[in-house]
Amino acid sequence: MTGRLVSLLAPLLMGLCTASGLQGQDDPGLAFEVHEHTLENGLRLLILPRPGAPIVSFVVQYRIGSVNEQPGQTGIAHLLEHLFFKGTTSIGTTNPAAEVPLHAAMDFLQDSLLATEARIGAGADSASLQALREQIRTLEEQASAFVVSNQLDAILSENGARSLNAMTSEEATTYFVELPANRAELWFALEGDRMANPVFREFYAERDVVAEERRLRLETNPGGLLYEAHMASAFQLHPYGKPVVGLMADVQRLTRQGVEDYFRRYYGPGNAVVAIVGDVEPSRILRWARRYLASIPPGEPPPPVSVQEPEQSRERRVEVALDAEPILRVGWRVPASTHEDAPALAMLTSILTGGRTSRLHRRLVLGDRIASGVAASPGPGQMYPGLFSIEAYPRSPHTTAELEEAIYEEMEKLKVAPPEESELQRIRNQMEATEVRRFRSNLGLALQIAESASLFGRWDDAFRFHERTRTVTPQDIQRVVRTYFREDTRTVATLVKHRASSPEGSGRKGP
């Protein structure tokens, strides 16, 4: 590390080393004194005391995401993320007993609707289908008389909560919030109730919200539409090829009973990690965890991902025609983040697009001035072989073909000659600065250690990965570019500007 970064990290390092005795570790994150406990039902607790501001960050991560969904169920994890805020048998309702028959009637009508659709054919419509939908809406309006909207949010807000939110990814579903330290027990009481007694009220209205979210993020968003086409072309069998938000046909056919069954099976404590970072006493946290969470059934392991994407033997290309400005996405098949080459690939993203001094930014944006922006990233997930993608936006009147040619030229330069050590050191310095900033956030740390433990088994996995990036050499960069960045492993997606004059004149073209 540079002298400046040493001076920035010194107070933190001294405190960490004093607390844990791990003076020999280079990465300060590895010196955190995280208290680990596993309850009888399999729930993993990670507690990191950080005296100071009387604030505590709570993160719950379930190791289940879109990759675990079966055909016909895409989007179920994301819909569950929404529904988990709808309350319980005691929160979010004025009369839980009155809701039950209304929910049952709605669900019966939904089953009838699906059976009618199956009988008359997919995509068909009829007066009987419209009547069933209207009856469901009427019953949901009747049930709304007993709903206290956003009561969970209101309870937490009244007790000083902030940052209440959730997210679903390919491999996890995560919920998080920050609370004053003297309200920590409240979180356990609320979360225990939510894990054990959720009620997925306002189901059909919320399903419509998710469908509209899909329209906004993907179907009417040029970048989202291109991303979906790119992933579908690159991953033709593996679930990485399906969007986290789900396919519209699947989302609109999800049922409350199906979603509830899915939750009961896979969203149990045995599949969850709870990370708690802030002004806490570990023994007290453990006592509350046992009181409120230990009696909840563990649930089942998530459905395994047994499908492997076949080896790619030729370049794939997909084109999306839309009345929008052109975009280019180029992706190469790369191994999972657990692979020994992953640190070098992570460094490569910074070499190519990590700031104004990065190679592609200097070439495309500042030098040739043929792009308005460019970014590189691995994805879409972490646990399985993925795609190293570069996305670029041509500056008019330049074309995506010009950007594509320039990108390939820069990749060839790395194959011929490795980067200078000084270039890698600049990136390491940037990473160190990012690490310093990350340590200031209890919530950021809680999210990081929860994800590391949930996906990879160890809370310090991300810190160890960062440690491994420090040993990446220029020759490592050259090697991974030569190994993975080949024409036969490449998938190219292009958004082509098209002024549609009729429904037949727009849409997506296949590879």
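1. The largest pocket has 48 lining residues, and Ser337, Gln382, Glu451, Ala462 and Phe465 lie nearest its centre. Its space is about 1,200 Å³. Seven of the lining residues come from H17, which gives the most. Strand E4 (162-168), helix H12 (342-353) and helix H17 (461-469) are among the elements that give two or more. By class, the lining has 21 nonpolar, 19 polar and eight charged residues.

2. Some ground rules. This is a predicted model: local features need pLDDT of at least 70, side-chain atom pairs count only at pLDDT 80 or more, and totals for chains, interfaces and linings use all residues. Residues are numbered from 1 along each chain as its sequence is written, and side-chain values use heavy atoms, without hydrogens and water.

3. Now the terms. On a 1 Å grid over the protein atoms alone, a cavity is a set of points where a 1.4 Å probe fits but cannot get out. A pocket is an open set with protein on both sides within 12 Å along at least five of seven lines. Lining residues have an atom within 4 Å of a point. Points join across faces, edges and corners, and a volume is the space filled by probe spheres set on them. Helices (H or I, at least four residues) and strands (E, at least two) are DSSP runs, numbered from the N terminus. Ala, Val, Leu, Ile, Met, Phe, Trp, Tyr, Cys and Pro are nonpolar; Asp, Glu, Lys and Arg are charged; the others, Gly among them, are polar.

4. The whole structure holds two cavities of 30 Å³ or more. H6 supplies four lining residues, the largest share.
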